[in-house]
Amino acid sequence: MSEFRSAGVVGLGRMGLALATGFGQALPPGRVVGAGRSADSVARFREAVPGAAVAPLAELPGRTNLIVLCTRNVDLPGVLGELGPGLTDRHVVVTIDNGLLLRALAEAVPGPVAKLIPSAGNQVGAGATLLVPGPRLTAGATADLLDLLRSFSNPFVIDEEQGRAATDLASCGPALLAGAARAMLDAQQERAAPLARALAEQLVAQSLHAVSRLMGDGADLDEIVRRVAVPGGNTAAGLQAAQGDLVAAWRAAFAATAENERSRPVPRLAARGE
């Protein structure tokens, strides 16, 4: 039987809510426990995860042995201060913060730690989750976590130093791709294309769905390009014209995500016993 038969989510913002919704698909009613800062976030949580429970931070360790921290960096020391008295070496504490090193979290809590990066797609049982096993997390607990994540996502185990690059593609990816698709529509409409916006969005959605299905069936990106972009054809001409700008745009996007992460202050967590 899995070690994780319940899950607690601390912080019910966008990513916390995405994970809580995923856990709600994987666990029986009442086995997802949320701790939020505002009445609005708690109300959204209750609506998204029917039957879920809400508990004060200090009570969370008594309700579940899996606690996922989806809080802002500035709030994390205080959150751990409230959770701390109830934490034991049986509690697995998980952060979704790329910038927080797992060794620092491991010094602040008595049990195993891990890093988990969710995706907005988790709310609908899709998308990737990225798992970084940390100090004291056993192979068995890692396997149980992966089983839980498979219920609502496609999980990948990565190393901590891979976190930023993998997050750009898996967690930021849905929004970045949606933004690229939106720019595609804007460019077409600037040309006075005789298409209503709603119809254009449906056509792009079908293209994105087709790419996903083709890749799911084993085709890689280069193969999809080869299938569509016949040499000398319209698609090939469009790709050739856009390629340089597309690479530059993605380079700029990834540089911005890395700089933004570096600019956020990393919380100083008190080691146990301090």
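How much area is buried between domain 1 and domain 2, and what share of it do carbon and sulfur atoms give? About 560 Å² is buried, and carbon and sulfur atoms give 60% of that area. Buried area here is the accessible area (1.4 Å probe) that two parts lose on being put together, summed over both. Asn 98, Ser 119 and Leu 130 supply 53% of what domain 1 buries against domain 2, more than any other three residues.

This is a predicted model, in which local features need pLDDT of at least 70, side-chain atom pairs count only at pLDDT 80 or more, and totals for chains, interfaces and linings use all residues. Residues are numbered from 1 along each chain as its sequence is written, and side-chain values use heavy atoms, with hydrogens and water left out.

The chain is assigned two parts: domain 1 (7-159) and domain 2 (166-262). These bounds come from an automatic or database domain assignment. The C-alpha centres of the domains lie 32 Å apart. Across the boundary, 9 residues of domain 1 are in contact (heavy atoms within 4.5 Å) with 6 residues of domain 2.

Now the pockets. On a 1 Å grid over the protein atoms alone, a pocket is an open set of points where a 1.4 Å probe fits, with protein on both sides within 12 Å along at least five of seven lines; lining residues have an atom within 4 Å of a point. Grid points are joined across faces, edges and corners, and a volume is the space filled by probe spheres set on the points.

The largest pocket holds about 2600 Å³. Its lining has 48 residues, with Leu 177, Leu 208, Val 211, Leu 221 and Trp 250 nearest the centre. α11 (234-263) is among the contributing elements, and it gives the largest share, 13 residues. Helices are DSSP runs (H or I, at least four residues), numbered from the N terminus. By class, this lining has 34 nonpolar, 11 polar and 3 charged residues. Nonpolar means Ala, Val, Leu, Ile, Met, Phe, Trp, Tyr, Cys and Pro; charged means Asp, Glu, Lys and Arg; the others, Gly among them, are polar.

The second largest pocket holds about 900 Å³. Of its 34 lining residues, Met 15, Cys 70, Thr 71, Ile 96 and Arg 264 are closest to the centre. Its lining divides into 12 nonpolar, 13 polar and 9 charged residues. Here too α11 gives the most, with 4 residues.

Definitions and conventions. Helices (H or I, at least four residues) and strands (E, at least two) are DSSP runs, numbered from the N terminus.
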